[in-house]
Amino acid sequence: MNLRNCARCGKMFNYIGGQPICENCKKAVEEDFQKVKQYIIDNPAASLKEISEANEVTTKQIQQWIREERLMFSSDSPIQLLCEKCGEKIQTGRFCAKCRATMANNLNDTFAKPKPQLQQPVKKESKAGMRFLDT
């Protein structure tokens, strides 16, 4: 059993995986996410600070949801996200589609199994008769 203190409320809980927060705090975070999501739908021109203040959620938490690709902003939103690799404007996440595809191809090439080389079958010569070892 892996007991930890909740990073949000400090209560002890049985940690299984993911964020180190208890079930009650996970529910509260999910409720906050739904409020923020609805606020963004209702107010597409709101800034990050406005969203944060209106929903009583930290800007850090909102930025985490953006990086996790849980929140997406329209192209005319004042919130401008840039690809961490090339600097292109994006609506959600950390990387643009082009950079994600490049990284995925690089990973596939790195972990690709080497193709077996075709080998000619070795022919065994069978000669009838006795064989002697040189001594």
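**Overview.** Angles between axes count as roughly parallel under 35 degrees, roughly antiparallel over 145, roughly perpendicular from 65 to 115 and oblique for the rest. The model is predicted, so local features need pLDDT of at least 70 and side-chain atom pairs pLDDT 80 or more, whereas totals for chains, interfaces and linings use all residues. Residues are numbered from 1 along each chain as its sequence is written, and side-chain values use heavy atoms, without hydrogens and water. The protein has 4 helices and 4 strands (DSSP runs numbered from the N terminus, helices being H or I of at least four residues and strands E of at least two), and from the N terminus on these elements follow the order β-β-α-α-α-β-β-α. Of the 135 residues in the protein, 24% are buried (under 20% relative accessible area with a 1.4 Å probe and protein chains only; exposed is over 50%, and partly exposed lies in between). Among the contacts in the protein with a separation of 6 or more, 25% join residues 24 or more positions apart (contact means heavy atoms within 4.5 Å).

**View 1. Asp-32 in helix 1.** Asp-32 belongs to helix 1, which spans residues 23–42, and with a relative accessible area of 16% this residue is buried. When residues up to four places away in sequence are not counted, Asp-32 touches Arg-8, Val-57 and Trp-65.

**View 2. The crossing of helix 1 and helix 2.** The axes of helix 1 and helix 2 (residues 48–55) come within 10 Å and cross at roughly 130 degrees (axes are lines fitted to C-alpha atoms, for helices over the stretch in contact, with angles from 0 to 180 degrees between N-to-C directions). On the helix 1 side the contact is formed by Lys-35, Val-36, Tyr-39 and Ile-40, which meet Glu-50, Ile-51, Ala-54 and Asn-55 in helix 2. The residues of this contact between helix 1 and helix 2 divide into 5 nonpolar, 1 polar and 2 charged (Ala, Val, Leu, Ile, Met, Phe, Trp, Tyr, Cys and Pro are nonpolar, Asp, Glu, Lys and Arg charged, and the others, Gly among them, polar).

View 3. The axes of helix 2 and helix 3 (residues 59–67) come within 9 Å and cross at roughly 115 degrees, which makes helix 2 roughly perpendicular to helix 3. The crossing of helix 2 and helix 3 is right-handed. In this contact, Leu-48, Ile-51 and Ser-52 in helix 2 meet Thr-59, Ile-62 and Gln-63 in helix 3, and by class the contact has 3 nonpolar, 3 polar and no charged residues. Ser-52, which lies in helix 2, is buried at a relative accessible area of 12%. Leaving aside residues up to four places away in sequence, Ser-52 touches Val-57, Thr-58, Thr-59 and Ile-62.

View 4. Most residues other than glycine have a negative phi. Glu-56, although not a glycine, has a positive phi of about 55 degrees; this residue sits in the loop between helix 2 and helix 3 and is exposed, with a relative accessible area of 73%. Glu-69, also a residue other than glycine, has a positive phi near 65 degrees. The loop that holds Glu-69 runs between helix 3 and strand 3 (81–82), and at 44% relative accessibility Glu-69 counts as partly exposed.

Key: Left-handed = near helix turned anticlockwise from the far one by under 90°.
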